[in-house]
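Reader: Please take me through this structure one question at a time, and give the cut-off behind each term when you first use it.

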Amino acid sequence: MTKKINPWIPVTGVAFGVAALLLAHFGNPGNMGFCIACFLRDISGALGFHGAAVVQYFRPEIVGLVLGAMFMALFTKEFKSKGGSAPATRFLLGAFVMIGTLMFLGCPMRAVIRLGGGDLNALVGLVGFAAGILVGVAFLKRGFSLRRAYSQVGVEGFVLPVVLTVLFVLFLAVPALFKQSTEGPGSKAAPWILALVCGLVVGALAQRSRLCMAGGIRDAVMFKDFNLICGPAAMLVTILIGNLILSKFNLGFADQPVAHTDGLWNFLGMALAGWGCILLGGCPLRQLILTGEGNSDSAVTVLGMLFGAALCHNFGLASSAAGPTLNGQIAVTVGFVVLLVISLLNVAKKEK
């Protein structure tokens, strides 16, 4: 039975939608106002982890999300340093989630943003994401687990938030240290102060609401609890209304910004991401929020996603507007095999 809706959840969805609209209006790429995977990819490029010149920019939104969640967790006394739950496996899963999202060209949240802008390719991706979640749920029901996390020394939970903050300060003070696109999606950015504020607000709200796209579908399937799914639903309605008001709604498959029309690989890329998110216990947004709460396992997952982005652009795995690459198709296929092995091995350990 569905629990009474937590009001923080739709509020967070609306805030995310408004932030995405504002950021796109003031400079971020179209239908990519607030994409976790895309922004981590851009940060990976800004740090020199990959050489794709069109997707390199140190996105303040990511820093804001982590710090906003951290400040809220400290305020509510929910900040707890913990970790030790299969960190190497989580790093690998984070990399394959990124490979899946960059096959589709966006995280689950960007899929909602794209759908709100009329991009029907996003609908195919969301169906794939749900299919991957169903596979992951099947393993959860069989007892899949990456083991419990343990309390750690207090400073451990602050490591990645502090590192991101220091890098961001350096980015503002000495921008020449970082790579920055002069063309392509990486060259399109809202003013840094707006980007940071949007990240802080959404991060704080997401910490309170526990907003998670993968978790919402998982809860609906496993527990008939549709609470969390209200967040993405509110976000979709907000973005749809905003795009209609701004005359930026373009219904169809073709001529969508930073997107391709290969339905099969849009589906499979997001299916890989959905399965990986369930094994990890949360979507890319949720991993950033948990990082802000002091979870070092999620911090390792975020590092895995940065690594995955580097792999995608150093080895030609990422899709483009022209469609997926052969290397990317091979990587996604390998990803399904790796996730199957991880799923089976961790169920087996549970049953012994």
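Author: Helices are DSSP runs of H or I with at least four residues, strands are runs of E with at least two, and the numbering starts at the N terminus. The model is predicted, so that local features need pLDDT of at least 70 and side-chain atom pairs count only at pLDDT 80 or more, while totals for chains, interfaces and linings use all residues. Residues are numbered from 1 along each chain as its sequence is written, and side-chain values use heavy atoms, with hydrogens and water left out.

Reader: Which residue just after α5 takes a positive phi?

Author: Helix α5 covers residues 108–116, and nine of its nine residues are buried (under 20% relative accessible area with a 1.4 Å probe and protein chains only; exposed is over 50%, and partly exposed lies in between). Among these buried residues are Arg 110 and Arg 114, together with Met 109, Val 112 and Leu 115. Just after α5, a positive phi of about 100° is taken by Gly 118.

Reader: Is Asn 28 buried or exposed?

Author: Asn 28 sits in the loop between α1 and α2 (36–46). Setting aside residues up to four places away in sequence, Asn 28 touches Leu 23, Gly 33, Phe 39, Arg 59, Glu 61, Lys 188, Ala 189 and Ala 190, where contact means heavy atoms within 4.5 Å. Because its relative accessible area is 4%, Asn 28 counts as buried.

Reader: What separates the C-alpha atoms of Trp 265 and Ser 319?

Author: Trp 265 belongs to helix α11 (residues 263–280), and it counts as buried because its relative accessibility is 13%. Beyond its neighbours within four places in sequence, Trp 265 is in contact with Met 103, Pro 324, Gln 329, Val 332 and Thr 333. Trp 265 and Ser 319 are 54 residues apart along the chain, and their C-alpha atoms are separated by 9.5 Å.

Reader: Which residues does Ile 36 touch?

Author: Ile 36 is one of the residues with the most contacts inside the largest core. Not counting residues up to four places away in sequence, Ile 36 touches Ile 62, Leu 65, Cys 107, Pro 284, Leu 285 and Leu 288.

Reader: How many charged residues line the largest pocket?

Author: A pocket is an open set of points on a 1 Å grid over the protein atoms alone, where a 1.4 Å probe fits, with protein on both sides within 12 Å along at least five of seven lines, and lining residues have an atom within 4 Å of a point. The largest pocket holds about 380 Å³ of space, a volume being the space filled by probe spheres set on the points. Of its 19 lining residues, the closest to the centre are Lys 82, Arg 286, Leu 290, Glu 293 and Asn 295. With Ala, Val, Leu, Ile, Met, Phe, Trp, Tyr, Cys and Pro counted as nonpolar, Asp, Glu, Lys and Arg as charged, and the others, Gly among them, as polar, the lining has three nonpolar and six polar residues, and the number of charged ones is 10.

Reader: Which element gives the most to the lining of the second largest pocket?

Author: About 230 Å³ of space lies in the second largest pocket. Its 19 lining residues come closest to the centre at Ala 24, Gly 30, Asn 31, Asn 243 and Lys 248. By class, this lining has eight nonpolar, 10 polar and one charged residues. With five residues, the element that gives the most is α1.

Note on methods:
Core = buried A, V, L, I, M, F, W, Y, C linked by side-chain atoms within 4.5 Å.
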